[in-house]
Amino acid sequence: MKEKITKLLSEINAVHIKNKAQLEEFRLKYLSKKGEISTLFEGFKQVPNELKKEMGQLLNTLKNEAQEKFSHFQNNINNETESSNLNDLTMPADPIETGSRHPLSIVRNEIIEIFSRLGFTVSEGPEIEDDWHVFTALNFPEEHPARDMQDTFFIEKTPDILLRTHTSSVQVRVMEKQKPPIRIIMPGRVFRHEVISARAHCFFHQVEGLYIDKNISFADLKQTLLYFAREMFGENTQIRLRPSYFPFTEPSAEMDISCNLCGGKGCTFCKHTGWVEILGCGMVDPNVLEKCGINSKEYTGYAFGMGIERITNLKFQVKDLRMFSENDIRFLKQFSNTI
Ligand code: DAH
């Protein structure tokens, strides 16, 4: 028996398996129930007691060797078939998973689309700004609370370099280098030093609008905003302008639309008033025009600014602002690709 085992051991060691058929042949010959090794185990019963220990050990070594050899070649052959599939350029490609557009992008694109029908073009400016473009040129007095550390992320003091707190800074950049007529919308991200919660975030998105030309009046502003509101929220939407204050517009107003969830009847979303605020607007203050090098005797203009998150919430009822920046695919894929 000992001889038989040693013979099998050297036989197994010498075997080289190249394909699946040879692997199966190997299994049948050595490892199957009727294979050589099982037969040897059968014969083990007849081994005299004093030799049982030695023979037992040898038999186990043989069995392990055969088993190892088998697994080794089995792995090799599997890997080879996988990589040969990879090399087969005629195989159909794996389908590419397409993502969905982010809800804020969908709404931003829709806003841009609506205003482009009225002749507005898109302008953009930097997120890292200086005091002049964010505050001073927009007529913010030196001691205005919005300059305070509590609202603004300052990057450097003297000269003041900061993260823009609104997209109105882009108005200034455009007016400084472009002569009227100017008719632009300016989408972008803005930053404020806020505690993050369901209703506030330290960054969010705005779209700013600016129209400067000869003889532009508040009536032009009102009609443009009415058109926007009806295109965005449906043709039955009503608007309401309330007097307000912004340093860079005079007169200034805030615009509400009739609540598009309850149709103006009153619900928890509009706090039972039937109206929801969506933007700030006004006639560009002559001081601002002059600071940007535009003759305020010759030109007038209007401006408006709205939060994209707010418009998105009205369209899609997203309750928690934080969901917009958490990158949870289960949330993101719910929004159809409308634009
Ligand atoms: N910049 C204002 C804000 O961030 C929004 C705004 C109000 C923009 C009135 C305007 C405007 O252009 O005319 O709250």
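Guide: One term before we start. Helices (H or I, at least four residues) and strands (E, at least two) are DSSP runs, numbered from the N terminus. This is a predicted model: local features need pLDDT of at least 70, side-chain atom pairs count only at pLDDT 80 or more, and totals for chains, interfaces and linings use all residues. Residues are numbered from 1 along each chain as its sequence is written, and side-chain values use heavy atoms, with hydrogens and water left out.

Visitor: Which residue follows H10, and what is its phi?

Guide: Helix H10 covers residues 308-316. Gln-317 comes after H10, and its phi is positive, near 55°.

Visitor: Which residues of helix H10 are buried?

Guide: Buried means under 20% relative accessible area, exposed over 50%, partly exposed in between (1.4 Å probe, protein chains only). Contact means heavy atoms within 4.5 Å. The cover over the buried residues of H10 includes helices H5 (103-116) and H8 (218-233), along with strands S6, S8 (249-258), S9 (275-284) and S10 (300-307). The buried residues of H10 are Ile-308, Glu-309, Ile-311, Thr-312, Asn-313 and Leu-314.

Visitor: What is the radius of gyration of the protein chain?

Guide: The radius of gyration is taken over C-alpha atoms, and the globule rule is 2.2 Å times the number of residues to the power 0.38. Along its principal axes, the C-alpha trace spans about 120 × 50 × 40 Å. For 339 residues, a compact globule would come out near 20 Å, but the protein chain has 38 Å.

Visitor: How much of the protein chain counts as buried?

Guide: Among contacts with a separation of 6 or more, 67% link residues 24 or more positions apart. Of the 339 residues, the share that counts as buried is 42%.

Visitor: What is the order of the strands in the open sheet?

Guide: Two strands pair if DSSP finds at least two bridges between them. The open sheet has 7 strands, with mixed pairing, in the order S1-S5-S6-S10-S9-S8-S7.

Visitor: Which are the edge strands?

Guide: Read the two ends of the order S1-S5-S6-S10-S9-S8-S7. Each edge strand pairs on one side only, and the two are S1 and strand S7 (239-246).

Visitor: How many bridges join S5 and strand S6?

Guide: On one side, strand S1 (residues 121-122) pairs with S5 in the parallel sense over 2 bridges, and there Val-122 stands opposite Ile-185. S5 and S6 (residues 203-213) run antiparallel, and their bridges number 10.

Visitor: Is Arg-189 buried, exposed or partly exposed, and what is its relative accessibility?

Guide: Arg-189 is found in strand S5, where 8 of the 10 residues are buried. Leaving out residues up to four places away in sequence, Arg-189 touches Glu-127, Arg-164, Phe-203, Phe-204 and His-205. Arg-189 counts as partly exposed because its relative accessibility is 33%.

Visitor: How far apart are Arg-189 and Arg-164 in space?

Guide: The two are 25 residues apart in sequence. In space, C-alpha to C-alpha, the distance is 8.4 Å.

Visitor: What is the relative accessible area of Ser-169?

Guide: Ser-169 sits in helix H7 (residues 168-177). Apart from residues up to four places away in sequence, Ser-169 touches Glu-129, His-133, Val-134, Leu-138 and Arg-164. Ser-169 is buried, and the value is 0%.

Visitor: Why is S8 called largely enclosed by the rest of the structure?

Guide: S8 pairs antiparallel with S7 over 7 bridges, and with S9 over 8 bridges. S8 is largely enclosed by the rest of the structure because its buried residues number 8 of the 10.

Visitor: Which residue in S9 is the bridge partner of Glu-254?

Guide: S7 and S8 form a hairpin with 2 residues between them, and Phe-246 stands opposite Thr-249. Further along, Arg-242 stands opposite Glu-254. In S9, the bridge partner of Glu-254 is Gly-280.
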